[in-house]
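Have the viewer open as you read.

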Amino acid sequence: MICTSIQNKNLDSILEILDNPAIEMAEIRLDSCELSLDEIDYLFSEAEQALIATYRLSDKSMSNIAEAKLVKAIQAGAYYVDLDIDSPAMMSKRIRREAFECGTNLIRSYHNYESCDSSTSLEAIIDKCIHLGADIVKIVCKANSLADCERLMSLYDKKREKALVAFCMGEIGKESRIDCLKKGSPFSYASLNDMDKTADGQWDTFTMIDKIYGKFRMIGSKNLNKEELVLSIPCSKSYAQRAIIAASLAEGKSTLYNYSSCDDNKSALQVALSLGAKIKVENSKVEIEGLGKDLSFDKDHLNCGESGLLSRLMIPILAKISKNNVRIEGEKTLKQRQLAGLKRIMDIFNINVDNEIVPLNISHGLKSGNYELSGENGSQLISGLIYALSLDENASSLYIEKPKSLPYIFMTLDMLKHFSINIDNEMEGGEEFIESQDWNLCDAIRLNIPKASQFKANKRIELEADWSTAANFLVAAAIFGKIAINNLDTKSLQADLSILDILMEAGASMSSEEETNIIRVQRAALYAFDIDASQCPDLFPIISILATFCNGKSKIKGISRLINKESNRAEAILEMLLKLGVKASIQKDSLIIQGHSLCQRLLTNNLLKGGEFSSHDDHRMAMALKIAALGCDSPLIIDNISCINKSCPDFIKLYDML
């Protein structure tokens, strides 16, 4: 990343500079820029780029002013705050505390404007910066010889827990401002032009862009008319399928808005028709007249297409409403996917299942009651049981131990509320869960399904845009440029909303507008992350691509959740990464990925490797591969891209807009 240093400017001038799409991130020199506290608040709260708030304290009598301005910047949303290691102790403590509480990255910096310190002194300075709370250590020295540059650059040869930004000032040290990026520095500094240099030896931003990126094209930059790239994402098939099935079970006519067609949604509509519902589709509106009290199923088979969710929803529902045994059929990858735990769970309900791979036969006669079962094989069958037991006139309860994919269970509960089915839940866990309410730490959940339930039609259900699809474009922006998406609900229960937390953990620059529902993600310095994706397994393919462009070793837990997806995604992802030239491995239940920044990859000729790749007929893999192609050194060819029709036929149309 190239950080443009801005000094001696007023607010209007700074905003004009930041409006230039070439400015990736910027350092605001609060010691020289004429900004009031209100203007600082506005600047750091409204800027889309990652900004560094800096105040070079030449006179310690000004420390109160410096502290006030830096604190205001932090509280307004500064991405970084830069504090010299010799800053007054009380000021340092206040800035460190505010940075921690507000989630601002703390840079502790050292500058030697006369010479370059010895290797021993430099190592001691790094230790001191870390001791003073640095998230990033910055060391800048004057180079009087090439040996000085070599000594400073050698600091990168030692592995460190904290990120390091180290380069030399002066004409001799000029190249070190680019060499540091080769070594893994998250960013380097440039000036707006020769007149605005903040130190000797600075490149101007536009020359530096040419030297680093060359002909590499970033996505989503404003064009000459300054029109922003804004994408609209199709609806969530997880929400749509749940809504379609609930509407077909309800008494009366329901209307779904913001519907978008894909193979899985088409399969859900076909299932609804098979149940006996009446359906009318007009563009993005779907009217469904459900069966209500007349609900019963007298056919001997039902085809669920390629949808794992649909099959797992319908198995318990059919066991409840069918007059006879039913054969569940499917297509394509569904016929290869094991429905793990199906027999064991349905035995608890006295329902016979003759196979755990489609096609399979199920008996009928599912009844209400109080049941205990394991959730370690996922949430989809549990969602089906919730639907089925809600059709009974008597109350039931489900006690689920070791629940997985909890967000999807809550998505089901939320959808049923739209149809007047209200289900209480009680989550259990240890002290850590009680304190954090982290779903990954939940040991069990009890669902209380009331008696005399009746699905009632809903005249207006707004289907949410799909966070699973959006995640691909948000990651693309975090690595390669800038994107805005205008129809995402940040209060959604969709599991893949977690992409925002993951991007934040990785260091992406993000902003949102509640009034317009627009979310923006812009390229920023990305760092390795350690997250548990057990509750959002569909994100694994795309966040593995994110990790390849994050400096350091990322760890993604929950890889065991991927075995029974459209492909064995654990194997497919590892195969993809290794073929792309990424150092990666699976260790126990985690995917480990060694990543490098885009700048480092460009400067060391280490872009991802192109070639012929298999999607394994998996829509999530195909999408992730298309995003990876943006950072390849040669064309990336996918054997089957049509599998994206399962969830988002418009994906390529959206992708081509990049």
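This is a predicted model: local features need pLDDT of at least 70, side-chain atom pairs count only at pLDDT 80 or more; totals for chains, interfaces and linings use all residues.

## Surface and charge

## Overall build

If you want a box for it, the C-alpha atoms fill roughly 90 × 50 × 50 Å along the principal axes. Buried residues make up 57% of the 658 residues. As for contacts with a separation of 6 or more, 74% of them come from residues 24 or more positions apart.

In soluble globular proteins, nonpolar side chains tend to be buried together. Here, the largest nonpolar core has 207 residues, and Tyr-80, Ile-139 and Phe-187 are the ones with the most contacts inside it. Helix α16 (residues 467–480) provides the largest share of this core, with eleven residues. There is also a second, separate core of 32 residues, and Leu-30, Ile-40, Ala-53 and Ala-76 are included in it.

What is Ile-139 in contact with, leaving aside its neighbours within four places in sequence? On one side of it in sequence you'll find Tyr-110, Leu-122, Ile-125 and Ile-126 among its contacts. Leu-152, Leu-155, Val-165, Ala-166 and Phe-167 are in contact with Ile-139 too.

## A covered helix

Helix α13 (residues 380–389) is mostly covered, with nine of its ten residues buried. Which ones are the buried residues of α13? They are Leu-381, Ile-382, Ser-383, Gly-384, Leu-385, Ile-386, Tyr-387, Ala-388 and Leu-389.

Now for some backbone angles. The peptide bond from Val-358 to Pro-359 is cis, with omega near 5 degrees. Pro-359 sits in the loop between α12 (342–348) and β15 (360–362). Asn-350 lies in the loop between α12 and β15 as well, and it has a positive phi of about 60 degrees although it is not a glycine. Is Asn-350 buried or exposed? Its relative accessible area is 67%, which is over the 50% cut-off, so Asn-350 is exposed.

Asn-258 also has a positive phi in a residue other than glycine, near 65 degrees. Its place is in the loop between β10 (253–257) and α10 (263–275). At 40% relative accessibility, Asn-258 counts as partly exposed.

## An exposed loop serine

Where is Ser-58? Look in the loop between β3 (50–54) and α3 (63–76). Ser-58 counts as exposed, because its relative accessibility is 79%.

For a sense of distance, pick Ser-58 and Asp-656 in the viewer: they are 598 residues apart along the chain, and their C-alpha atoms are separated by 51 Å.

Conventions: Residues are numbered from 1 along each chain as its sequence is written. Side-chain values use heavy atoms; hydrogens and water are left out. Buried means under 20% relative accessible area, exposed over 50%, partly exposed in between (1.4 Å probe, protein chains only). Contact means heavy atoms within 4.5 Å. A nonpolar core is a set of buried Ala, Val, Leu, Ile, Met, Phe, Trp, Tyr and Cys residues joined through side-chain atoms within 4.5 Å. Helices (H or I, at least four residues) and strands (E, at least two) are DSSP runs, numbered from the N terminus.
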